[in-house]
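Dear colleague,

Please find below the structure that I am handing over to you, with its sequence. My findings follow it.

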Amino acid sequence: MTVAASPPAASTGGEALEPALIRESGQREVFCGLTSIVWLHRRMPDAFFLVVGSRTCAHLIQSAAGVMIFAEPRFGTAILGERDLAGLADANEELDRLVAQLLERRPEIRSLFLVGSCPSEVIKLDLAKAAERLNRQHRGRVTVLNYSGSGIETTFTQGEDGALQAMIPLMPSGEQSQLLIAGTLADAVEDRLMGLFHRLGIERVVSLPPRRSSELPAVGPGTKLLLAQPFLSGTARALVDRGAELIRAPYPLGVEGSRAWMAAAAAAFGVAPAQVAQVLDPLVERGQRALAPHRDVLSGKRLFLLPDSQLEIPLARFLSRECGMELVEVGVPYLDRQLMAEELALLPAGTQLSEGQHLDHQLARVREARPDLVLCGLGLANPLEAEGMATKWSIELVFSPIHGIDQAGDLAELFARPLRRRAVLSFA
Ligand code: SF4
């Protein structure tokens, strides 16, 4: 579920960089990309995610989402030569058999994602070939795609990046003018944002992933791409390769970020700033009012963000600029400077960033700094709480509707809550 990577090697590589950057590699404490199945399968009810994995993967996914697992203990780990090849042939046959059974039982499935994982027996299986073969066998009935959710290659939000990339080759080509929003949003939040884009005068707005996996939007030179999530580096590149033009903007977290995100899209479609102000300013005012009580709790508090979801930089920007928090360190699993350029420019000067993770070193910095609040993965929350630090689980932010001006108050509340609870406990 969590992954231990290679040994120490912290280096400070950021003397010339602004903000300051520490690059680290070592033991990591993050969920793997399989976790993203939890929100992807809710988003696309006509898709099925078949994890080709081990019992560990099965436990992770079954407890988190209740999706079906292909996880037979028959895979050997030390079988060599001829027997190894024979074992692989068996595994492919077994996979074909399971898929046929599944499709028979579940006529509503239109897309089947084969999701790879870490165990060496799975890595040996060529899931791209398996997907090709299954597509031939079930042509017209279902589309079979594949991507990796392996913890060796992905952190938990990168699973979504992999799934979306797998869908892009299937998107039809089209030249019509449209706004394409990439990244899963809660349906209600997406409806609200779509309504606002329409009021701004952007007529055609489509999304990836779509709500039905079989209804993929077209992409081409008329497509302007707006990322709703900051962890879609591969998806953004692949869509740009298909002709889409990337709109550069901060991410839609907080009042300021959400307004700038919508305004950037409006500018790309030639909407006048006055029209943007007319539609968005009442929302901005309401959003700021909703933030106020949480700002009272958060202002002046010191925040340490450990790398986990890839949402850390936009969150840090929101919490420092709109909620008055002081940033001790902002950790990210990886730093995509292109997709983060607008966010980095909004961080306070000299913010300490870290990329990658060496768990022991990072925890030592947390203990030394004694921040008021630590944003971290589930596995670290209890030990840090036991040491007297308030924590917030990163994963909760991925499952909560936090995008958009209207959600800014709720987003701030998620961070204020552990501090309020701690204050009540210490008073008691
Ligand atoms: Fe664990 Fe790897 Fe399976 Fe994820 S893919 S649950 S990290 S074994």
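Predicted model: local features only at pLDDT ≥ 70, side-chain atom pairs only at ≥ 80, totals over all residues.

Strands S7 and S9 run parallel and are joined by five bridges; two strands are taken to pair if DSSP finds at least two bridges between them. Helices (H or I, at least four residues) and strands (E, at least two) are DSSP runs, numbered from the N terminus. Within this pair, Leu180 has Leu225 of S9 as its bridge partner.

Residues are numbered from 1 along each chain as its sequence is written, and side-chain values use heavy atoms, with hydrogens and water left out.

S7 and S9 belong to an open sheet of four strands, in the order S8-S7-S9-S10, with parallel pairing. S8 and S10 (245–246) stand at its edges with a single partner strand each, so one side of each has no neighbour in the sheet.

Helix H7 lies across S7, S8 and S9, and runs at about 150 degrees to S8. Such angles run from 0 to 180 degrees between N-to-C directions, and the axes are lines fitted to C-alpha atoms, for helices over the stretch in contact. H7 comprises 14 residues (187–200), which should span 20 Å at 1.5 Å a residue; the end C-alpha atoms are 20 Å apart, in agreement. The expected span is 1.5 Å times one less than the number of residues.

Which residues of H7 are buried? They are Val189, Glu190, Leu193, Met194, Leu196, Phe197 and Leu200, where buried means under 20% relative accessible area, exposed over 50% and partly exposed in between (1.4 Å probe, protein chains only). Seen down the axis of H7, these residues fall within an arc of 160 degrees, so they line one face of the helix; the arc is that of the directions from the helix axis to the C-beta atoms. They pack against several elements, including strand S7 (178–182), strand S8 (205–208), strand S9 (223–227) and helix H10 (273–298), contact being heavy atoms within 4.5 Å. Just after H7, Gly201 takes a positive phi of about 105 degrees.

Strand S3

In strand S3 (residues 47–52), six of six residues are buried. Ala47, Phe49 and Val51 cover one side, and Phe48, Leu50 and Val52 the other. S3 pairs in the parallel sense with strand S5 (residues 111–116) over five bridges, and Phe48 has Leu112 of S5 as its bridge partner.

Helix H13

The buried residues of helix H13 (residues 359–369) are Leu359, Gln362, Leu363, Val366 and Ala369. They cover an arc of only 125 degrees around the axis, which puts them on the same side of H13. Among the elements they pack against are strand S12 (326–332), strand S13 (352–357) and helix H14 (378–386). Arg370, which follows H13, has a positive phi near 45 degrees.

Asp296 and the protein as a whole

Asp296 lies in helix H10 and counts as exposed, at 64% relative accessibility. Asp296 and Gly324 are 28 residues apart in sequence and 8.8 Å apart in space, C-alpha to C-alpha.

The protein has 16 helices and 15 strands, and 56% of its 428 residues count as buried.

With kind regards
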